[in-house]
Amino acid sequence: MTQNSKLKTQNYICKTPEDTFDLGESIGNSLNGGEIILLKGTLGAGKTLLTKGILFALEFDIDEVTSPSFTLVNLYEAKFNVFHIDLWRLEDGGNTAFAVGLDEILEDENAVVIIEWAEKLNEFETDRKIIEVRLKGDGDDRREISITNLT
Ligand code: ADP
Ligand code: MG
């Protein structure tokens, strides 16, 4: 990403898990379909909880939303199709986009794609809107969450 002119980052402090969920819900409410959401932050940062908030906004049963750590990809048929990807178990530096079949996933033009451990995602071509969410903090501590529209 070389173009910086469009970059706009919004920073949030989430004091409780409910705050994290609510922030996810507001992200979900802003979606039109077709977005890629990159979730970056260590184990326990709140990526899956934020994803539940997004799916809640998209009228999906959030009990069905779990980290696809082993399956790599979950598909939720919500207001839009949502592909929930977790790259945690994949090797750094590998072709992670290929490993999860991102090309095929992106053939579904209206689908929202949410990627946990997006730090591990290698470069790939797309004209989709990309939203980067960075989560900092762990344990019972508050989370600092920043949202940047990369494109
Ligand atoms: P990840 O998917 O990034 O590994 P999870 O979404 O599973 O993380 O969340 C890990 C834990 O962090 C959960 O117990 C969740 O309730 C907690 N958590 C999330 N946000 C906050 C917050 N703002 N304050 C305190 N705990 C939080
Ligand atoms: Mg997770």
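**Nonpolar cores.** I looked up the largest nonpolar core of this predicted model and found 24 residues in it. A nonpolar core here is a set of buried Ala, Val, Leu, Ile, Met, Phe, Trp, Tyr and Cys residues joined through side-chain atoms within 4.5 Å. Buried means under 20% relative accessible area, exposed over 50%, and partly exposed in between (1.4 Å probe, protein chains only). The residues with the most contacts inside this core are Leu 31, Ile 37, Ile 54, Leu 55, Val 82, Ile 114 and Val 133. Two or more residues each come from helices H1 (17-29) and H2 (47-57) and from strands E2 (36-40), E5 (112-116), E6 (130-136) and E7 (143-149). Helices (H or I, at least four residues) and strands (E, at least two) are DSSP runs, numbered from the N terminus. I also noted a second, separate core of 20 residues, with Leu 38, Leu 87, Leu 102 and Val 113 among them. In soluble globular proteins, nonpolar side chains tend to be buried together.

**Ile 54.** I then listed what Ile 54 is in contact with (heavy atoms within 4.5 Å). Neighbours within four places in sequence aside, the partners are Gly 24, Glu 25, Ile 27, Gly 28, Leu 31, Ile 37 and Ile 114.

**Salt bridges.** How many salt bridges does a search of the whole structure find? I got two, counting a side-chain nitrogen of Lys or Arg within 4 Å of a carboxyl oxygen of Asp or Glu. In one, Lys 40 meets Glu 132 at 2.7 Å, N to O. Lys 40 lies in strand E2 and Glu 132 in strand E6, 92 residues apart, so I logged the pair as a link between distant parts of the chain. Lys 40 is buried at 15% relative accessible area, and Glu 132 is buried at 9%. In the other, Glu 132 meets Arg 134 at 3.2 Å, N to O. Arg 134 is partly exposed, with 39% relative accessibility. Shared partners join Lys 40, Glu 132 and Arg 134 into one network.

I checked which way the side chains point along E3 (residues 73-77). E3 pairs with E4 (residues 81-86) in the antiparallel sense over five bridges; pairing requires at least two bridges found by DSSP. Val 73 has Ile 85 of E4 as its bridge partner. A hairpin of three residues joins E3 to E4.

**Conventions.** Residues are numbered from 1 along each chain as its sequence is written, and chains are lettered from A and ligands numbered from 1 in the order in which they are written. Local features need pLDDT of at least 70 and side-chain atom pairs count only at pLDDT 80 or more, while totals for chains, interfaces and linings use all residues; side-chain values use heavy atoms, leaving out hydrogens and water.
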